[in-house]
Amino acid sequence: MVYAKMKLRKINPQTYELFENNQSLGTISTYRNLFHDSCIYLKFNLIKIPTTSPFLEIRKQEQKPLQVMIESSHTKLVDFMLKNGFKCKRYCFEAEVSATDLKHPLRTNFKVVPFIATDPIYSKCCDFLYKYYKTTHELVSPLTASKNEFITEVPTRSGYYNLDKQGRLNNVAFTENNEIAYLCSVDPTNCSSFIDSLLIKIFKKYSTTFFEADDTDWAASELLDKFNYKKNESFNTYIYE
């Protein structure tokens with residue numbers, strides 16, 4: 001098989017145009033995420049999939065690993081990326097579920113306490129989330145924002161928590177209406193009971209809840225596992241070192 005010759009042309013500081021046999025195949029744009037700034041992010045706007053890889057050249061020019069976040073349904077592009085040096089580092093499942101989707105009845109007398117942003121415990125809940133988020137993202141896309149930047153932008157202004165016998169935070173959920181925005185825990189032995197009580201609270205007010213669950217996040221994965229959920233589609237993270 002004779003492969004067409006690939007040419008890259010940088011048409012502006014954030015955009016590469018791809019050519020094969022002097023025919024434009026479209027563009028690849030770059031952008032940064034200042035909360036996860038260890039990689040350069042790519043966005044594709046291609047007319048057709050290239051036959052040769054542009055990624056080594058882009059990696060050289062950008063001087064950072066490359067990251068792509070993409071729906072699993074884009075199978076041709078994903079196959080091209082995997083064949084040319086990208087590795088899938090994380091699967092993210094987006095779930096909207098109701099009580100009828102539960103695998104088992106919610107059975108718990110586990111005490112959870114609501115909080116809002118004006119409560120004294122709120123800043124401790126934000127610190128708790130920051131530490132958990134930083135840990136669960138470290139291996140794939142390390143958090144590069146400061147704690148103050150993170151707390152200003154990320155947490156919702158309400159949720160639920162519980163304390164251990166020593167009065168320390170054990171599990172925290174940040175919620176907004178029927179969304180479970182973030183779930184964090186330091187105790188795998190009772191996180192499941194915390195989730196049950198959290199879901200009881202939500203399903204008393206709403207018919208459905210929705211959340212994201214990364215496969216690199218054990219607490220969110222435990223939440224997802226409460227439901228009959230088909231992992232047919234996901235929003236995935238690919239990295240080219």
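Reader: What makes up the secondary structure of the chain, and how much of the chain counts as buried?

Author: In this predicted model the chain comes to 6 helices and 12 strands, and of its 241 residues 46% count as buried. The C-alpha atoms fill a box of roughly 65 × 40 × 25 Å along the principal axes, and among contacts between residues at least 6 apart in sequence, 64% join residues at least 24 apart.

Reader: Why are strand 1 and strand 2 called a pair?

Author: Two strands pair if at least two bridges are found between them, and strand 1 (residues 6-12) and strand 2 (residues 15-20) have 6 bridges, in the antiparallel sense; therefore they count as a pair. One of the bridges sets lysine 10 against tyrosine 16 in strand 2, and the two strands form a hairpin with 2 residues between them.

Reader: How do you know that strand 6 pairs with strand 11 and with strand 12?

Author: The requirement is again at least two bridges. Strand 6 is joined to strand 11 by 7 bridges and to strand 12 by 5 bridges, so both pairings meet it, and in both cases the strands run antiparallel. Alanine 95 stands opposite phenylalanine 211 in strand 11, while cysteine 88 has tyrosine 238 in strand 12 as its bridge partner.

Reader: Which residues touch the most other members of the largest nonpolar core, and which elements contribute to that core?

Author: The largest nonpolar core has 43 residues, of which Val172 and Phe211 touch the most other members. Two or more residues each come from strand 6 (87-98), helix 3 (122-137), strand 8 (158-163), strand 9 (169-176), strand 10 (179-185), helix 5 (191-205), strand 11 (208-214) and helix 6 (218-224), and the largest share, 8 residues, comes from helix 3. Leaving aside neighbours within four places in sequence, phenylalanine 211 is in contact with Phe93, Glu94, Ala95, Val97, Ile180, Leu223, Leu224 and Phe227. A second, separate core of 20 residues includes Leu18, Leu42, Ile70 and Tyr238. As a general matter, nonpolar side chains tend to be buried together in soluble globular proteins.

Reader: What span does helix 3 reach, and which of its residues are buried?

Author: Helix 3 has 16 residues and reaches 22 Å from its first C-alpha to its last, close to the 22 Å expected at 1.5 Å a residue. Among its buried residues are Cys125, Cys126, Phe128, Leu129, Tyr133 and His137.

Reader: What volume does the largest pocket have, and which residues are closest to its centre?

Author: The volume of the largest pocket is about 640 Å³. Of the 32 residues lining this pocket, Tyr133, His137, Tyr182, Glu212 and Asp214 are the closest to its centre. Strand 5 (66-71), strand 6, helix 3, strand 10, strand 11, helix 6 and strand 12 (235-240) each supply at least two residues of the lining.

Reader: Why is threonine 118 called exposed?

Author: Exposed means over 50% relative accessible area, and threonine 118, at 67% relative accessibility, therefore counts as exposed. Threonine 118 is placed in the loop between strand 7 (113-116) and helix 3, and its C-alpha atom is separated by 8.5 Å from that of arginine 157, 39 residues apart along the chain.

Reader: What makes asparagine 22 and glutamine 63 exposed, and what values does phi take in them?

Author: The cut-off is over 50%; asparagine 22 has a relative accessible area of 63% and is therefore exposed, and glutamine 63, with a relative accessible area of 63%, is likewise exposed. Asparagine 22 lies in the loop between strand 2 and strand 3 (23-31), and its phi is near 65°, a positive value in a residue other than glycine. Glutamine 63 lies in the loop between helix 1 (55-62) and strand 5, and has a positive phi of about 60° although it is not a glycine.

Notes. Residues are numbered from 1 along each chain as its sequence is written. This is a predicted model: local features need pLDDT of at least 70, side-chain atom pairs count only at pLDDT 80 or more; totals for chains, interfaces and linings use all residues. Side-chain values use heavy atoms; hydrogens and water are left out. Helices (H or I, at least four residues) and strands (E, at least two) are DSSP runs, numbered from the N terminus. A nonpolar core is a set of buried Ala, Val, Leu, Ile, Met, Phe, Trp, Tyr and Cys residues joined through side-chain atoms within 4.5 Å. Buried means under 20% relative accessible area, exposed over 50%, partly exposed in between (1.4 Å probe, protein chains only). Contact means heavy atoms within 4.5 Å. On a 1 Å grid over the protein atoms alone, a cavity is a set of points where a 1.4 Å probe fits but cannot get out, and a pocket is an open set with protein on both sides within 12 Å along at least five of seven lines; lining residues have an atom within 4 Å of a point. Grid points are joined across faces, edges and corners, and a volume is the space filled by probe spheres set on the points. The expected span of a helix is 1.5 Å times one less than its number of residues.
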